Amino acid sequence: MDAFYASIEQRDDPLLRGRPVVVGYSGDRGMVAAASYEARRYGIRSAMPSKTAKKRCPELIFVPARFDVYRAVSEQIMDIFRQYTDLVEPLSLDEAFLDVTVNKKNNPSATLIAKEIKRKIKEQTGLTASAGVSVNKFLAKVASDMDKPDGLFVIKPEQVESFVGTLKIEDFFGVGRVTAHKMHQLGIKNGEDLRKFTEEELVLLFGKAGSGYYGFARGIDDREVRPDRLRKSVGGENTFLSDLDSYDEIRRELDVVAGIVWDRVSSKNFRGRTVTLKIKYSDFGIITRSLTYPYFIEDFEMFYNTSINLLDAVMPIQKTIRLIGLMVSNIELPKKTDAHQLSLEL
């Protein structure tokens, strides 16, 4: 979907249409959960601090998130997908993989199916979607981002090698900002550069993800579409270019990671009871701290305050910090409903 949360807000309030809109908190500790395309023209993006967003666009309009509405619209869209195939693997509220090799419409063209789905989404929800069509998950995901908004991009089998060869490394599925920076330092700017490395070399450089990069550079991705995939945790982390040694610096970076993780929690409709803080020191030593509730964490404020409490529990630091991560997990409620004690693992 195209700017899903913000587009729903613009759909439901005509006064917001054509204006820079973000879904999120506008306070000093606020984060942008989603940005309309009008806001994106100012360089505003999800997980950006609200203060930064307002500096870039003083006329920016903040609207509170309505996740009950987003979930309801998401179900409408997933129902449309399932009219064509049961092999639907949601990635979030607004994105999914579909395997239409064999489909309920007996339509031999995945491209025509994508066009039909886009039309039905527009008719039933008033929203636009962008589709990517290709021979595997990696290529379809990349293709879906090539022609936004309201786009349809197809990578045919005979186009795979040349397409991947010229694809910028930042656009590879699973390559984040930190990994892209490391690849640039190694002279890897696109798929053709990545192909120059053996699988063994990539594994040494990037761990087990290196095998995936090796395949992606050749347009290979054997992962199946799994409609029954159960997500047990949602998290994120950031490795810093320079180690951090002051509380203010660490707190600012934790704020950023918290915004990113909560955006993922919300977009995946995930509910968990445990928040875990991960810290990696400059000497590569790792500590974790976690807090478990007897009920689900339902809002950003609760998640954010828990994250800060976990950080404060390990302060002051004795060594500089190179990485901070947060995770929400524990999707099961306790069997005993009268249990209210919180556990802090030290």
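Is F138 buried or exposed? With a relative accessible area of 0%, F138 is buried (buried means under 20% relative accessible area, exposed over 50%, partly exposed in between, with a 1.4 Å probe and protein chains only).

## About the model

This is a predicted model, in which local features need pLDDT of at least 70 and side-chain atom pairs count only at pLDDT 80 or more, while totals for chains, interfaces and linings use all residues. Residues are numbered from 1 along each chain as its sequence is written, and side-chain values use heavy atoms, with hydrogens and water left out.

## The three-stranded sheet

Let us start with an open sheet of three strands in the order β2-β1-β3, with mixed pairing. (Strands are DSSP runs of E with at least two residues, helices are runs of H or I with at least four, and both are numbered from the N terminus; two strands pair if DSSP finds at least two bridges between them.) β2 (32-35) and β3 (61-63) each have a single partner strand and stand at the edges, so one side of each lacks a neighbour in the sheet. On average, neighbouring strands here are turned by 35° against each other, direction ignored (axes are lines fitted to C-alpha atoms, for helices over the stretch in contact, and angles run from 0 to 180 degrees between N-to-C directions).

Strand β1 (residues 21-24) pairs with β2 in the antiparallel sense over three bridges, and with β3 in the parallel sense, also over three bridges. V23 stands opposite A34 in β2 and has V63 as its bridge partner in β3, while G24 stands opposite V32 in β2. Helix α1 (residues 4-12) packs on this sheet and touches β1, β2 and β3, its direction making about 115° with that of β1 (contact means heavy atoms within 4.5 Å). From β1, V21 and V23 point one way and V22 and G24 the other, and all are buried.

## The β9 strand and its partners

Further along comes strand β9 (residues 274-281), which is mostly covered, with seven of its eight residues buried. Seven bridges join β9 to the antiparallel strand β10 (residues 286-292), and I279 has I287 as its bridge partner in β10. The hairpin of β9 and β10 has four residues between the strands, and F284 takes a positive phi near 75° there.

β9 also pairs with strand β11 (residues 321-329), in the antiparallel sense and over eight bridges. K280 stands opposite L323 in β11.

## Aromatic pairs

The whole structure holds 13 aromatic pairs (rings of Phe, Tyr and Trp, the last by its six-membered ring, pair if their centres lie within 6.5 Å; planes under 30 degrees apart count as stacked, over 60 as edge-to-face and the rest as tilted). One of them joins F138 and F172, whose ring centres are 5.4 Å apart with planes at 35°, so the pair is tilted. This pair links distant parts of the chain, 34 residues apart: F138 lies in helix α6 (residues 137-144) and F172 in the loop between α7 (160-166) and α8 (177-185). F172 counts as buried at 2% relative accessibility.

W262 and F303 form a stacked pair, 5.5 Å centre to centre with 25° between the planes. W262 in helix α12 (residues 247-267) and F303 in helix α13 (residues 300-312) are 41 residues apart, and both are buried. Elsewhere, F4, Y5, F67 and Y70 form one aromatic cluster.

## Charges over rings
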